[in-house]
Amino acid sequence: MPKPDPKALLRHAGDYLKAHPEEIARALRGALRLRFGVPIDALRYLARELSGGKRAPKDIVIEAAPPGLRLALTVKVMGAPIRASFTAFAEELDVRADAIQVGLRIADLKLQVMGDEASPIAGLIGSGAIDLNKPGDLVSFMPKRPAALIDAKDDRITLDLLKIPALGGNPTVARALRICAPVLGVRALKTKDDHLDVHLKATPSGVAAAIAAVRAGV
């Protein structure tokens, strides 16, 4: 998977703010409410930058479906290209120094075979053998499960983002979590006005632990 160039990211972020100066005022208002919003345009940009690998999803579409996020993408399953679309709702959030767990409920899953209609996966989809109301069960049987996937059942999927090597193995991320996790948690993830809003919660009792982490330099 290609890695975005940090300088390019900063340049694109600057260009975006110049074109959308209202984002600065929105960020200031959100900060007063312990909330910050990520423009979904930023997620679309990252999806384009990270979709260059052979096994990476293609033609990714990301849209707000308040309070969830609507996604569509093309992936290869059993050698056949499949167009999948679904809506994801973040219902469980647990941010700690050693884990970033997100529990997702998946709704409105649709699968469309883009290739040979006689392929095995096309037969499974056409016959109704794949229960689209239980995408978690479908994901749990994937032969190559994503590193971040820790549980999948019925319509729910649980991810631990620190299982992704680029995040879990990053010392800067680890240090930031040790400092921030004791005092700031994530209360909710919701979409609104083409933004993914991260709602934070403060834990004043964790200030001592955060200061200790700063002094320890970990």
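A: Start with contact, which means heavy atoms within 4.5 Å. I157, for example, touches V102, G103, L104, I106, G136, V139, L149, D151 and A152, with residues up to four places away in sequence not counted.

Q: What kind of model is this, and how are residues numbered?
A: It is a predicted model, in which local features need pLDDT of at least 70 and side-chain atom pairs count only at pLDDT 80 or more, while totals for chains, interfaces and linings use all residues. Numbering runs from 1 along each chain as its sequence is written, and side-chain values use heavy atoms, with hydrogens and water left out.

Q: How many helices and strands are there?
A: Helices (H or I, at least four residues) and strands (E, at least two) are DSSP runs, numbered from the N terminus. This protein has 8 helices and 9 strands. Its C-alpha atoms fill a box of roughly 60 × 40 × 30 Å along the principal axes.

Q: What share of the residues is buried?
A: Buried means under 20% relative accessible area, exposed over 50%, and partly exposed in between, with a 1.4 Å probe and protein chains only. Of the 218 residues, 30% count as buried.

Q: Which residues of helix α3 are buried?
A: In α3 (residues 40-49) they are I40, Y45 and A47. Seen down the axis, the buried residues of α3 fall within an arc of 160°, so they line one face of the helix. The arc is that of the directions from the helix axis to the C-beta atoms.

Q: Which members of the largest nonpolar core touch the most other members?
A: In soluble globular proteins, nonpolar side chains tend to be buried together. A nonpolar core is a set of buried Ala, Val, Leu, Ile, Met, Phe, Trp, Tyr and Cys residues joined through side-chain atoms within 4.5 Å. The largest here has 15 residues, and I62, L71, F86, I106 and I157 touch the most other members. At least two residues each come from α3, β3 (68-77), β4 (80-96), β5 (99-113) and β6 (149-153). The biggest contribution is that of β5, with 4 residues. A second, separate core has 6 residues, including A80, V113, I121 and I130.

Q: Is T87 buried or exposed?
A: T87, in strand β4, is buried, with a relative accessible area of 5%. The side chains of T87 and R70 are joined by a polar contact of 2.9 Å. A polar contact is a pair of N or O atoms within 3.5 Å; within protein, one must be able to donate a hydrogen and the other to accept it, and residues adjacent in sequence count only if both atoms are side-chain atoms.

Q: At what angle do helices α7 and α8 pack?
A: Two packed helices are described by the angle between their axes and the distance between the axes. Helix α7 (residues 171-180) and helix α8 (residues 207-216) pack at about 145°, with their axes 7 Å apart. Axes are lines fitted to C-alpha atoms, for helices over the stretch in contact, and angles run from 0 to 180 degrees between N-to-C directions. R175, R178 and I179 in α7 meet A210, A213 and V214 in α8.

Q: Which peptide bond is cis?
A: Most residues other than glycine have a negative phi, and most peptide bonds are trans. The bond from P66 to P67 is cis, with omega near 0°. P67 is in the loop between β2 (58-65) and β3.
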